[in-house]
Amino acid sequence: MRPVDREFEITVDGVAVPVVPGQSVGAALHGAGIRSWRRTRREGRPRGLFCGIGVCFDCLVTVNGVPSLRACLTEARPGDRITTENER
Amino acid sequence: MTGTYDLAVVGAGPAGVAGALSACLAGLDVVLIDGATSPGGQYFRGFGAPNRATPGSARFARQWETLTARAAVLLGHRVWAVEHTGDGFAVRCLEGDREERPRTVTARALLFATGAHDRPLPFPGWDLPGVLTAGGAQALLKGDLVVAGRRIVVAGTGPFLLPVATGLARAGADVRGVYEANGRLGLARHPLLTAGRAAEALGYGLGLARHRIPYLGRHAVIEAHGHDALTHVTVARLDAGWRPLATRTVECDTLAYGYGFVPQIELPVQLGCLTRQGTDGAPVVAVDAGMRASVPGVYAAGETTGVGGAPLAEAEGRLAGRAAAADLGRHVPPLPALSRRAARLSAFAAALARAYPVRQGWQDWLRDDTLVCRCEEVPLSAVREAVSLGARDARAVKLLARPGMGWCQGRMCGHVVAALVGDDPEPPRRPIAQPVRLGDLANASPQAPEPPGGPR
Ligand SMILES: Cc1cc2nc3c(=O)[nH]c(=O)nc-3n(C[C@H](O)[C@H](O)[C@H](O)COP(=O)(O)OP(=O)(O)OC[C@H]3O[C@@H](n4cnc5c(N)ncnc54)[C@H](O)[C@@H]3O)c2cc1C
Ligand code: FES
């Protein structure tokens, strides 16, 4: 592993998730075992990462209230608040 | 400094960096633009990290260092459109991954080195969380240092599956198997050997053996199961046309799969560049020996001109950068060895594409309710219905059943719909290559001024 700057935290539906600096929001969630964070409009199917590089748009997520960001392309910043469409 | 560059290069992977560097060294004023916040593209993603064994990283790092001392570099800039101006081109960018500050760069010539994305095939359950593209799993590992799962199945076709599987195993994952839909060529016949890349082929073979990973030819994952996330997959033994012969179940929490790559060529297509059909059927930018596209002043290199991997991308980038400089009147001495190298690597890429084709039998893996389009949730039955209503080609199917009308604009399903109606995939017509908020669109009139301070 990369000798990195200090890890920081973001929250996902209020729960803290650790982030290695430079990681995308999607990678941090996936790495924390959160495989899906969105539901499809028609059938309510769960979605998370698929292509990993910004082309499939499956991974759309809300960060600090801003909706429809691609989680795989959005670099996590300390204190980011992620809200998912998962049931709590 | 007027703010107009000689050459704008889009894409900071092996092709773009080599192209920008060659052009700079030949005397051009160059700007290199990439949407990612770090350089490297797909192959050299995270190249600066220690312990990364990506072959060629040290060389890429030197190129990058030399380049940044000589050229302007705009990372974190997504290009969403390109246009002709009177005497060159305007490149419309959005800066930042969330803020989206619009910025326009102008240049006399353009080099597109925008790479490719994975080519997934649909099958029942392919949209379950835990199912990832092979490139996506690789990107997580190389760029984010995240191992995609604990128990992972790797499937699809092509030699790219091997570094994905060995990389995941080395990082601690239990790789349950590599299922190659085409025949598993014995190492002795492997195209990597004929291309003089024996060490690479041997390395993957050893990696699979060390981690006791089964590597099976004529096998594919034809269904993914699980409630809200993947729990197991159905693996089928295939006939030569990829129709399933016998199936069994493999437990896993992650599937990393891919059936080759699709070049990302919407930007050159926006400018009217002609395309041709690549060896694997996907449209690629048509170029001459100097990587010149059909529109004067436009060049393309790397996967955009045909999927061929990082070494070919670099060679093509150098050819393109040198041609751009020569066309703008710089003295560029001929380098026949470079052209020979590109030709050799490109012949190798074509041999690989022929050895690992996508065969039509995958259509037998689908059921009526299998999603063809993930975004609009269009099942196979809706596509078939559109065809029965008289839709003769992919475009008509799209209008009737809406596959490819969602967020991804057909990037994931365009080739699938084309295959289902018996068409060849069409070049992508996407007036907007990246999502743009409406306000940014309104701001981007062709005369939009540079932000104060110019493009540097
Ligand atoms: C997800 C993925 C992972 C891969 N991993 C490997 C690997 O580990 N090993 C391997 O041998 N091959 C890998 N490949 C194959 C890869 O295509 C080649 O190895 C090689 O990277 C191609 O080089 P390139 O310069 O043509 O394009 P790339 O390396 O893909 O570089 C293209 C660059 O263009 C940028 N870009 C694209 N569109 C825009 C835009 N509109 N605006 C701004 N920037 C843009 C991208 O951010 C990217 O940095 C991978 C491919 C994919 C899709
Ligand atoms: S995972 Fe495909 S766009 Fe993020």
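**Helix pair and chain contact**

I looked up the handedness first: helix 4 of chain B and helix 6 of chain B cross in a left-handed way (the near helix is turned anticlockwise from the far one by less than a right angle; clockwise would be right-handed). Helices here are DSSP runs of H or I with at least four residues, numbered from the N terminus.

My ground rules: this is a predicted model, with local features needing pLDDT of at least 70 and side-chain atom pairs pLDDT 80 or more, while totals for chains, interfaces and linings use all residues. Residues are numbered from 1 along each chain as its sequence is written, chains are lettered from A and ligands numbered from 1 in the order written, and side-chain values use heavy atoms, without hydrogens and water.

Next I checked the geometry: helix 4 (residues 161-170) and helix 6 (residues 198-210) of chain B pack at about 40 degrees, axes 9 Å apart. That makes the pair oblique, the class left after under 35 (roughly parallel), over 145 (roughly antiparallel) and 65 to 115 degrees (roughly perpendicular). Axes are lines fitted to C-alpha atoms over the stretch in contact, and angles run from 0 to 180 degrees between N-to-C directions.

Then I turned to the chains. The contact (heavy atoms within 4.5 Å) takes 48 residues from chain B and 41 from chain A. I noted ten salt bridges between them, meaning a Lys or Arg side-chain nitrogen within 4 Å of an Asp or Glu carboxyl oxygen. One joins A:Arg42 and B:Glu376, at 3.0 Å from N to O.

Note on methods
Helices (H or I, at least four residues) and strands (E, at least two) are DSSP runs, numbered from the N terminus.
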